[in-house]
Amino acid sequence: MELCEYFMLSLQPLSGETAAYIAAMPKSELHVHLEGTTDPAALLKLAQRHNRLDLLPATNLAALQQWFTYTDFPHFLRVYMVISELLRTPEDFAYIVHRCGQDMAAQNIRYRELTVTPFTHTDYQRKGLTIDDLFEGLEAGRAAARAEFGVEMRWIFDVPRNLGFSSQNGYDPHPAQRTLDYALRGRDHGVVGFGLGGFEVGAPPEPFALPFARACAEGLLSVPHAGETMGPDSVWGAVNALHADRIGHGVRAIEDPVLLTVLRDRQIPLEINPTSNICLHVYARHAVHPFPHLDRMGIKVTINSDDPPLFNTNLSAEYGVLAREFGYDPSGLARIARNAFEVSGAPVALKTSLLAEFDDWVAKTQENV
Ligand code: ADE
Ligand code: ZN
């Protein structure tokens with residue numbers, strides 16, 4: 001059986017009380033890529049809209065879902081770049097943001113931080129899309145989702161780390177500088193963090209220190225990916241050179257006991273995405289994923305879905321993994337869920353009201369048991 005077929009089987013919805021608990025629990029999700037929320041139906045619609053069906057390997061939904069089975073991380077990035085290529089206008093962005101809001105409402109996700117990679121859309125893929133177009137689409141989609149579904153979103157603008165290096169010239173500061181300019185302008189449009197995404201191999205954190213220092217000084221959270229496709233050195237770089245407020249993935253810190261004590265003592269939260277890690281071959285199966293060990297060591301862990309339809313998962317299914325694979329009971333699930341409200345980059349008033357809503361729900365649910 002192919003690995004990802006195994007996931008499709010193993011990620012059947014949980015049955016019974018635990019599934020009902022997960023569904024009813026108000027949730028916050030901190031690590032989701034906006035481009036990676038594009039499911040096969042949306043992708044097909046975008047390809048038709050732009051008369052670019054030639055970019056897709058198939059025009060039926062099952063075959064497109066099958067296309068989302070990756071041999072390795074570079075293969076995943078190639079699929080991802082096709083999705084990005086098909087996001088061409090403000091309306092396209094408004095469309096996927098609105099769908100994202102619909103999905104949040106369906107899963108009772110009250111707040112999401114969505115990572116967006118503006119440099120890919122406005123500079124690298126020459127689509128004629130400006131940063132103002134991008135803001136227009138993001139804002140229109142977010143306002144519509146808030147009005148229709150009552151959900152809240154904020155953005156993290158991330159640097160595509162691989163475009164910051166070339167084999168001939170080494171580090172190129174341009175993508176990070178552009179992304180930083182966009183992120184600083186974006187503070188009035190809901191941008192709360194500055195990130196670093198893509199393939200870590202050959203693209204370590206240290207050269208990005210300067211733009212991250214400026215981002216932090218200007219009030220943005222530092223939220224780099226590290227310790228996904230590379231080991232502890234990358235996480236050390238995220239902590240020491242980028243002063244990470246949270247780390248995307250970070251799971252491979254498990255390979256370095258000293259690093260684990262630093263993450264625990266400084267309470268640097270990890271945004272963990274178990275099913276993404278399986279689909280991208282970081283771990284062979286859920287049973288050997290380090291999530292429960294990191295949690296038991298006192299590291300602040302959150303659970304996330306990364307690129308949900310690309311890994312045939314969603315946030316509720318990831319909570320299901322915690323329950324089914326690692327034995328989390330409802331109070332354990334609620335403890336992990338609370339972490340994501342606590343360490344979000346939401347403005348203070350919003351964070352306070354989301355936490356109050358969450359705590360009320362937990363208190364009422366306990367009264368009824
Ligand atoms: N961009 C989208 N998903 C990603 C992941 N899992 N790691 C790094 N960059 C990404
Ligand atoms: Zn990610």
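A polar contact here is a pair of N or O atoms within 3.5 Å. Keep that cut-off in mind as you walk through this predicted model.

Now show its surroundings: H33, F73, F76, Y80, G197, G198, H225, E228, H249, L280, D306 and D307.

Next, pick out three of those side chains. In H33, a side-chain N or O atom is 3.4 Å from a nitrogen atom of ligand 1. Move on to D306, where the corresponding distance from a ligand nitrogen to a side-chain N or O atom is 2.7 Å. Then try D307: one of its polar side-chain atoms lies 2.8 Å from a nitrogen of ligand 1. Of the 260 Å² of accessible area that ligand 1 has on its own, the protein covers 97%.

Zoom in on F157: beyond four places away in sequence, the residues it touches include V116, P118, I131, F135, L138 and Y182.

Definitions and conventions. Residues numbered from 1 in each chain as written. Chains lettered and ligands numbered in written order. Predicted model: local features only at pLDDT ≥ 70, side-chain atom pairs only at ≥ 80, totals over all residues. Heavy atoms only, no water. Contact = heavy atoms within 4.5 Å. Near = heavy atom within 4 Å. Polar contact = N/O pair within 3.5 Å; in protein donor to acceptor, adjacent residues only side chain to side chain. Areas by Shrake-Rupley, 256 points an atom, 1.4 Å probe, with all protein chains shown as cover.
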